[in-house]
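User: I would like to learn how to read the features of a protein model. Please take them one at a time.

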Amino acid sequence: MASTEAAMEREVDLAEWSQRDHRRFLHVVYRVGDLDKTIKFYTECLGMKLLRKRDIPQEKYTNAFLGFGPEDTNFVVELTYNYGVDKYDIGTGFGHFGIAVEDAYKTVEQIRAKGGKVTREPGPVKGGSTVIAFVQDPDGYIFEIIQRGPTPEPLCQVMLRVGDLKQSIEFYEKAFGMKLLRTRDNPEYKYTLAMLGYAPEDKTTVVELTYNYGVTEYAKGNAYAQIALGTDDVYKTAEAIRKAGGKIIREPGPLPGINTKILACLDPDGWKTVFVDNADFLKELE
């Protein structure tokens, strides 16, 4: 009886930890075939800043970090170029990244003028009033341009498709400590979406999970990699993820060489998320 009560108390403690922990979106990692070309598109067309580059010749890859603000406060993209690989398969599961702007029409014209590919002209979203557009980067990744008021985090969204929305929402709430901000069902177009995050949509980055009626599996390809989130304790976070049914694919602990503590896990659909120790992450940026 005592051991059962202790286990229940531990489970409650872990659930509370997920809510109490200082978590935020750090970066999203994906692979590109021509790093210089992609950097040029992101800086000139999308308005991002190149924050830093890191070349690892012994592992034959280069990273570039870009965003709308510094890494210690803003969500950024981490581009990975693997030597000699110029093409990747994005698959059908990854959806898009979102960028918030005050004037979608003007932004799209500027992107078009600089050679960017517009795949959806600006206009109200189907079944709603928010003005959006879609543009495509050199590797085929889609960026949704979302018209809204001023925001401290323009890189505001990562959209992933899931096969069981209810299951995914429960996992992201319990394992990742996110809040369900809103859901929207669109029967006319046969999809439902859910927005989850750590603060309101107009203040920070969120993950948008999309369920297409009747579709339970997607091809993930080999282009998109993962989202990285900050945590105060990777060991406790790993325990909470296990309790919520998540699969740990890299046990919590320091990375060789740099000693930053991380853990990696998979959600119910196999989407990878990496948690990074907050204090270690800030040291890495020094």
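**The nonpolar core**

Analyst: The largest nonpolar core of this predicted model has 60 residues. Those with the most contacts inside it are Tyr 30, Tyr 42, Leu 79 and Phe 176.

User: What is the general idea behind such a core?

Analyst: In soluble globular proteins, nonpolar side chains tend to be buried together. Take one case here.

User: Which residues does Phe 176 touch, not counting residues up to four places away in sequence?

Analyst: Phe 176 touches Ser 18, Arg 23, Phe 171, Tyr 198, Leu 229, Ile 241, Cys 265, Thr 273 and Phe 275.

User: How do I read a sheet?

Analyst: Strands of a sheet pair through backbone hydrogen bonds, either parallel or antiparallel. Here an open sheet of 8 strands runs in the order β2-β3-β4-β1-β13-β16-β15-β14, and its pairing is mixed. At the edges are β2 (49-56) and β14 (247-254), each of which pairs on one side only. From one strand to the next, the twist averages 20 degrees.

User: How many bridges join β2 to strand β3?

Analyst: There are 7 bridges between β2 and β3 (residues 61-67), and the two strands run antiparallel. As an example, Lys 49 has Gly 67 in β3 as its bridge partner.

User: Which helix packs on the sheet?

Analyst: Helix α6 (residues 278-285) does, touching β1 (25-31), β2, β13 (224-231), β15 (261-266) and β16 (272-277). The direction of α6 makes about 80 degrees with that of β16.

User: Where does His 96 lie, and is His 96 buried or exposed?

Analyst: His 96 lies in strand β5 (residues 94-101). Buried means under 20% relative accessible area. His 96 counts as buried because its relative accessibility is 6%.

User: What surrounds His 96?

Analyst: Leaving aside neighbours within four places in sequence, His 96 is in contact with Phe 134, Ile 142, Glu 144, Gln 157, Val 158, Met 159 and Glu 208. With Gln 157 there is also a polar contact of 2.9 Å between the side chains.

User: How many disulfides does the structure hold?

Analyst: The structure holds 0 disulfides. A disulfide needs two cysteine sulfur atoms within 2.5 Å. For Cys 45, the nearest cysteine sulfur is that of Cys 156, 18 Å away, and Cys 45 is in no disulfide. Cys 156 is in no disulfide either; the nearest cysteine sulfur to it is that of Cys 45.

User: Are these two cysteines buried or exposed?

Analyst: Cys 45 is buried, at a relative accessible area of 11%. Cys 156 is also buried, at 2%.

Note on methods
Residues numbered from 1 in each chain as written. Predicted model: local features only at pLDDT ≥ 70, side-chain atom pairs only at ≥ 80, totals over all residues. Heavy atoms only, no water. Buried < 20%, exposed > 50% of the residue type's maximum accessible area, 1.4 Å probe, protein only. Core = buried A, V, L, I, M, F, W, Y, C linked by side-chain atoms within 4.5 Å. Contact = heavy atoms within 4.5 Å. Pairing = 2+ DSSP bridges. Helix = DSSP H or I, 4+ residues; strand = E, 2+ residues; numbered from the N terminus. Axes fitted to C-alpha atoms, helices over the stretch in contact; angles between N-to-C directions. Polar contact = N/O pair within 3.5 Å; in protein donor to acceptor, adjacent residues only side chain to side chain.
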